Amino acid sequence: MTTAGVIALVLLLAVAAYACAGGTDYGAGFWDLTAGGAERGKRPRWLIDHAMAPVWEVNNVWLIFVFVIMWTGFPVLFQTVFASMWLPLALAAVGLVLRGAGFALRKPIKRVAGRRLYGAMFAVSSLLTPYFLGAAVGGVASGRAAPGTVASAHAWANPTSVFFGLLTVTATAFLGAVFLSCDAERWDAPDLVGYFRRRALASLAVAVLLGVAAFLVVRGDAPHLWHGLTHGAGLVLVVVAVLCTMGTALMLLRRHVRWSRFTATGMVAAAVVAWGVAQRPYLIPTSLTIEEAAGAPSTLVWLLFVSLVAVVLVGPALVLLYWLDTHGELESLTESDLRQGEGGGAAGRD
C-alpha cells in the first residue's frame with residue numbers, strides 16, 4: 001500500500017470514529033427533541049444531560065482530525081467537496097455551533113422561556129447536522145461531487161444523498177438510545193432502561209429498512225459503490241455489519257443492554273468502513289482516485305508521522321476518558337457529596 005493509501009485509510013477510520021462517537025451525541029439530541037413536553041420529558045432529558053456532559057466536546061476532536069487530513073493530505077478532495085457542496089456543509093457547521101451553544105446554555109439559564117429556546121436549538125441542530133453531513137457523503141459516494149463541479153442542489157439533493165442523510169439520522173438515534181439505556185442501567189433508573197431500550201429497537205428496525213432501501217437505490221444511482229459493496233472486502237464488511245445488527249437486536253430483546261453498545265458501535269463502524277472500501281481506488285467515484293487527490297509525497301510522509309504521534313499521545317487519553325465515563329467515574333458531585341466531604345474533613349481535623 002502506498003503512503004497515500006495509508007493516509008486514506010487513516011481518514012476513513014477517523015470518519016468511522018466520528019460516526020460512532022459523535023453519532024451517539026447526535027442521537028441523544030434526537031431523543032431530547034422527541035421526549036415530549038417539560039413534565040413528560042423531564043426524566044429522559046435529565047439522563048441525556050448527565051450522560052453527555054462529561055465527553056460531548058471531546059467527540060468533535062474526530063471531526064477536526066478528519067478536516068486536517070483532508071486539506072493536508074488530499075487538498076484536491078477538500079477543494080472539490082467544499083466547492084460543490086458548500087451549502088449543506090455550511091448548514092452542518094452552523095448546526096454544530098448552535099447545538100453546542102444550546103446544550104451549554106440551557107442548564108444555567110433560569111428563565112423557562114430561555115431554557116426552552118436553548119433546548120430546542122440543541123435538539124433541532126442534533127437532527128439537521130447529521131442529515132446534512134450524511135447528504136454530503138451521499139454526494140461523494142454517488143460521484144456527483146466531481147472535480148470542477150459547480151455548486152448546486154444536484155450534488156447533495158439526489159436519491160443517494162437523501163437516503164444517506166436519513167440513514168445517518170436514524171443510525172445516530174439508534175446509537176444514542178443504546179448508550180442511554182446503558183447509562184440508565186448504571187444510574188439505577190429501570191424506567192429509563194426500558195424507555196430507551198424500546199427506542200433503540202424501534203430505531204434499529206427503521207435503520208434496517210432504510211439500509212435495505214438505500215442499498216437498492218445505490219444499485220441504480222451509484223453503480224461503482226454498488227459493485228464495491230457486493231464484492232470482495234466491501235461485501236465482507238457488509239456481512240459484519242449485518243451480523244452486528246442481528247447481535248444487537250438479540251441482546252436488546254434479551255435485555256443485555258450493557259453489551260449491546262459494543263455490537264451497535266461495530267454495526268455503524270463496519271457500515272462506514274464498507275462505504276470507504278467499496279469506493280476503492282477512488283475518493284470520488286469515478287473521477288478522482290486516491291493517488292490523483294494526494295498532496296506532495298513529503299507532505300504525506302509528515303502527515304503520517306504526525307498522525308502516528310497523535311495516536312500515541314492522544315489515543316490512550318481518549319480511551320481512558322471513555323472508560324472513566326462508561327464506568328461512572330466522571331459523575332459530578334452532588335450537594336450531599338460535598339457535605340459528606342466537609343464532614344469527613346472536619347472529623348479528621350478533630
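This note comments, point by point, on helix contacts, a pocket and some backbone features of a predicted model.

1. **How helix pairs are described.** Two packed helices are described by the angle between their axes and by the distance between those axes. The points on helix pairs below follow that scheme.

2. **Helices α10 and α11.** Helix α10 covers residues 232-253, and α11 covers residues 257-278. Their axes come within 8 Å and cross at roughly 160 degrees. Angles over 145 degrees count as roughly antiparallel, and α10 and α11 are therefore roughly antiparallel to each other. The crossing of α10 past α11 is left-handed. On the α10 side, the residues in contact include Ala233, Gly234, Leu237, Cys244 and Leu252; on the α11 side, they include Val257, Trp259, Gly266, Met267 and Val277. Sorted by class, this contact has 17 nonpolar residues, 7 polar residues and no charged ones.

3. **Helices α3 and α4.** Helix α3 spans residues 60-73, and α4 spans residues 75-84. The two axes come within 5 Å, with a crossing angle of roughly 110 degrees. Because angles of 65 to 115 degrees count as roughly perpendicular, α3 is roughly perpendicular to α4. From α3, the contact is made by Phe67, Met70, Trp71, Thr72 and Gly73; from α4, it is made by Pro75, Leu77, Phe78 and Phe82. The classes here are 7 nonpolar, 2 polar and no charged residues.

4. **Helices α2 and α7.** Helix α2 comprises residues 42-52, and α7 comprises residues 159-186. Their axes come within 10 Å and cross at roughly 95 degrees, and the two helices are therefore roughly perpendicular to each other. Leu47, Ile48 and Ala51 of α2 meet Leu180, Asp183 and Ala184 of α7. The residues of this contact comprise 5 nonpolar, no polar and 1 charged.

5. **The second largest pocket: size and centre.** This pocket has a volume of about 1100 Å³. Its lining consists of 38 residues. Which of these lie nearest the centre of the pocket? They are Ala21, Asn59, Trp62, Leu318 and Tyr322.

6. **The second largest pocket: lining.** Helices α1 (3-33), α2, α3, α7, α11 and α13 (297-326) each supply at least two lining residues. Helix α13 gives the most, with 11 residues. By class, the lining has 26 nonpolar, 8 polar and 4 charged residues.

7. **Cis peptide bonds.** The peptide bond from arginine 280 to proline 281 is cis, with omega near 0 degrees. Proline 281 lies in the loop between α11 and β1 (282-284). A cis peptide bond also joins proline 285 and threonine 286, where omega is about -15 degrees. Threonine 286 belongs to the loop between β1 and β2 (288-289).

8. **A positive phi angle.** Where is aspartate 188 found? This residue is in the loop between α7 and α8 (190-221). Phi of aspartate 188 is near 55 degrees, which is a positive value in a residue other than glycine.

Definitions and conventions: Residues are numbered from 1 along each chain as its sequence is written. This is a predicted model: local features need pLDDT of at least 70, side-chain atom pairs count only at pLDDT 80 or more; totals for chains, interfaces and linings use all residues. Side-chain values use heavy atoms; hydrogens and water are left out. Axes are lines fitted to C-alpha atoms, for helices over the stretch in contact, and angles run from 0 to 180 degrees between N-to-C directions. Helices (H or I, at least four residues) and strands (E, at least two) are DSSP runs, numbered from the N terminus. Angles under 35 degrees count as roughly parallel, over 145 as roughly antiparallel, 65 to 115 as roughly perpendicular and the rest as oblique. Contact means heavy atoms within 4.5 Å. Ala, Val, Leu, Ile, Met, Phe, Trp, Tyr, Cys and Pro count as nonpolar, Asp, Glu, Lys and Arg as charged, and the others, Gly among them, as polar. On a 1 Å grid over the protein atoms alone, a cavity is a set of points where a 1.4 Å probe fits but cannot get out, and a pocket is an open set with protein on both sides within 12 Å along at least five of seven lines; lining residues have an atom within 4 Å of a point. Grid points are joined across faces, edges and corners, and a volume is the space filled by probe spheres set on the points. A crossing is left-handed if the near helix is turned anticlockwise from the far one by less than a right angle, and right-handed if clockwise.
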